Amino acid sequence: MCEDLENVHIGLDDIDTGSQGCTTHLTFRVLRSIINQIPQAVFSDYPVLIRLNPTIPFKTRGNAALSFAVKLREREAQSLREIVLKEVTSYIADVRGAGAEPGVALLYGEVPEALGRLYVKALSDYVHRDYVLGVIKTLEGSLEVPLGYSRGLIGALAAMGASKHLRECTYELLSYRAGRAGGEHSVERCVDGESVKVMDESLRSYTFLNYDYESGELLITPSGPNPVLLGLRGEDPEALVRAFNMLRVCESYEGWVIYKTNQAVNAHHVERCLECFKPYQTGCVRARVVGKPLVLPGGDVLVKLGDRDSEARLWAVFFKETGLNKVAGRLMTGDLITVCGGGKYWEGRGVVVHSDFLEVLELASETYVNPKCPVCGHRMKSSGRSKGWKCPKCGFKSTSLSKEVVKLARDLERRAYRPRDIAVKHLVMPESRVGRVSDCSKPLISKWIYFNSSPLPSQAPRERLPPTQASP
Ligand code: ATP
């Protein structure tokens, strides 16, 4: 008789420091150990890599959190638990992350709705410790938190919630450099730029953010000294493997794994109203431009947003590196726009949305200007509310003149504007993905993970793949 398989979900977060280690790397190692030590364990979907709220101050880099599900026999659950804990503790000892609050969670059975809601909140809002403790209480009997109630549990549980609640997905193949997780890695990755361009030309319709033709920079390699060698992002896992095989990698690597992600789909763009946008929240607001945009020293542009029906005001900043500053600088009073991004508190201004998307919906076509002096033709100045006008040149005064309507010549199109590729952050949809299908149900391919048993100083042989982990 067939023994029933138990479904175990594992969530991990907050394992790295700013420069050493990476939670995705630890996840790769945990997966490798499970596949090696419990070969009969069944994986039926990709591990999940989610990016959470980018405004959260505790993040070290991209606010990533990870989860995966495995089916095994009940009596193997104890070995699974031991493998996970052994890998986590040895990784933490190696990385010795100052300030990291590692989160590890094991959930037995199905992922409940409460975790899906936690994911949405952690993506777009601040999650208070009490909120998570409340969720944990509802999971008594099916949840284990072997490292206790650390901050990392927020991400670990949110990643589990995401596994069942993602609506739009992309995939990322992450490859890891050989050596200790906590060892000294150079910032330079040895990946041949020409091979990236060739791959991009051939697989551009299935991948994105490979190479920035404007600056000549590789977008697949991170900029810090962490264990990630490179990341290939795309819509189709098969295409990611093909893309990786087209690259000339000239440093040794431990292996790679394909994740299902919430990256590049603007998942954090929830609808918000002008007066309810708070610091540490993400979202989109539709509002009118109030006054002339302010150009800050350096080129960033601040735009005041308002509403015809209320006194509420909100600021949005468009940073120079995104290229959106140029569009924002051409906005005028009365324009109707949608702005998306993350809210931060600025001394003296209140909430400022750090914008990663701008859509111009309506352009003001006329404006009101002070009347001209009927004596000398100079523009008059207001003498104060209901006190009429005074000419600053000839001194003529009038209480009967009124403002003139002037047609505006606009050099702006009504459309959506997105950051330039080099400035696109994890959650943000780049221009090249607009209109693409974001399918979360791509079947698990047999080559979803690869580990190199003896990392070589050059391209590793491709045929040494782990046993097929196909759907049961
Ligand atoms: P890496 O990308 O290398 O994994 P990171 O940038 O993801 O690093 P973490 O080390 O995971 O940063 O730290 C983020 C911390 O913030 C985690 O403990 C996570 O649980 C917590 N966190 C994430 N999102 C929220 C949120 N919305 N509210 C409160 N805490 C959060």
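How many salt bridges are counted between domain 1 and domain 2? The count is 1, a salt bridge being a side-chain nitrogen of Lys or Arg within 4 Å of a carboxyl oxygen of Asp or Glu.

The model is predicted: local features need pLDDT of at least 70, side-chain atom pairs count only at pLDDT 80 or more, and totals for chains, interfaces and linings use all residues. Residues are numbered from 1 along each chain as its sequence is written, and side-chain values use heavy atoms, with hydrogens and water left out.

Select residues 5-265 + 429-451 as domain 1 and 274-365 + 408-423 as domain 2; these bounds come from an automatic or database domain assignment. Their centres, taken over C-alpha atoms, are 32 Å apart.

Next, display Glu214 and Arg420, whose side chains form a salt bridge at 3.6 Å, N to O.

Then turn to the interface. The two domains bury about 1,200 Å² between them, 53% of it on carbon and sulfur atoms; this is the accessible area (1.4 Å probe) that two parts lose on being put together, summed over both. Select Thr55, Ser124 and Glu431, which supply 36% of the area that domain 1 buries against domain 2.

Finally, move to the ligand, which 23 residues surround (a heavy atom within 4 Å), the closest being Asp13, Asp14, Arg61, Asn63 and Ala64. A side-chain N or O atom of Asp14 is 2.5 Å from a ligand oxygen atom. At Asn63, a backbone N or O atom lies 2.7 Å from an oxygen atom of the ligand.

Methods. A polar contact is a pair of N or O atoms within 3.5 Å; within protein, one must be able to donate a hydrogen and the other to accept it, and residues adjacent in sequence count only if both atoms are side-chain atoms.
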